[in-house]
Amino acid sequence: MPIYADTSHVALYGLLEGTWATIPSETLIHAIQITSISGGEKFVWKQPNKIGTKRHLSKQLRVSSNAELAFDFELRPGVYDKYFAAFIGGEIESLSPFAVGLTDIGVDSAEHLFVSITTDWLAAGVKVGMRIQVAGFANAGNNGIFRVSGVSNNTIHVEDRLIPMVNEVGVTTGFKAAMVRSGTEILSFFFENHFSDISIFEQYYGMRPNSLKINIDSNKIITGSMSFLGSRMTSETEPLLD
C-alpha cells in the first residue's frame, strides 16, 4: 500500500544557490512560511514513429524532465524578499542598522528631513529609492517606514510616511534601509520540503521563479502565490539541510 503524506505536516526551507542546480555552500537556511504547497518532477515523453515487428508503435521515450514547485503565502515583512527580487532579475540592497544614537539625529518635520551632525549618510550607503525603517523616537510620528527621495552627507529627505510603526516590539532602535532593483541577474534556489509525518524530504535543485501573484483586498491579509521551475527533484529519507 503506498504511503501518503499530509500536506498539513510540511516544512519548506530554501537556500540561494551559488551555482545552478548544485548543493549550495550557503549556510543561512531560510524557513518559508506557506499556507499550501504542491510540487514534484514532471516528465516529457515522446512517441517514436517507428513501428515494431508486430506492427505496434514503439514505446514512448522520456526526452526531458524538470522539477516544479508552487506555494501560497500570507505576506509578512522580509520573509519573501529574496524570491521577489529573483523574479524581477534583481537584487536586494540592504544595510545593517546604522550605529547612530538618536541624540545625534534631528528631525525637520516641515521639510521631511532627518539631519545628523556626525553620521555621513552617503558613506553609510543610503540611496534614493531605499525604504528606511526608523524606530525609537519619543515622537511616534517620526517612527515608521519612509521612502528616501534625497540624500546628502548629513541629511536624508523622505516622502510622507509609508507605514507607521504601530508595534515596535523586537524592532532595533535606530535606522535600517533596503531596496530592490530590477535587473538581469538570474538567481536559483535549492528547496527542501520536509513531510514530518512520513519522514520524507523532497529536494529541489536549480529552482527559478516563473510566476508571482499578489492579492490585495481591503481589510484583508495580503496573500500571494509563487511557482518555480528547475532542474530536478529527488525524494530522500535524510535531509541535506540541518
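Student: In β10, which residue is the bridge partner of F114?
Tutor: The model is a predicted one, and in it F114 is bridged to I156 of β10. V151 also has I156 as its bridge partner in β10.

Student: What makes β10 a partner of β7 and of β9?
Tutor: Pairing requires at least two bridges; β7 and β10 are joined by 3, so they pair, and they run antiparallel. β9 and β10 are likewise joined by 3 bridges and antiparallel, and they form a hairpin with 3 residues between them.

Student: How many aromatic pairs are found in the whole structure?
Tutor: The search finds 14.

Student: Why is the pair of F114 and F146 called edge-to-face?
Tutor: The angle between the planes is 75 degrees; since this is over 60, the pair is edge-to-face. The centres are 5.6 Å apart.

Student: How do you know whether F114 is buried or exposed?
Tutor: Its relative accessibility is 3%, under the 20% limit, so F114 is buried. F146, at 6%, is buried too.

Student: What makes F87 partly exposed?
Tutor: Its relative accessible area is 34%, which lies between 20% and 50%, so F87 is partly exposed. F87 belongs to helix α1 and to a nonpolar surface patch that includes I88 and V180.

Key. Residues numbered from 1 in each chain as written. Predicted model: local features only at pLDDT ≥ 70, side-chain atom pairs only at ≥ 80, totals over all residues. Heavy atoms only, no water. Patch = residues over 30% accessible without salt bridge, like charges linked within 9 Å, V, L, I, M, F, W, Y side chains within 5 Å. Areas by Shrake-Rupley, 256 points an atom, 1.4 Å probe, with all protein chains shown as cover. Salt bridge = Lys/Arg side-chain N within 4 Å of Asp/Glu carboxyl O. Helix = DSSP H or I, 4+ residues; strand = E, 2+ residues; numbered from the N terminus. Buried < 20%, exposed > 50% of the residue type's maximum accessible area, 1.4 Å probe, protein only. Phe/Tyr/Trp six-rings, centres within 6.5 Å; stacked < 30°, edge-to-face > 60°.
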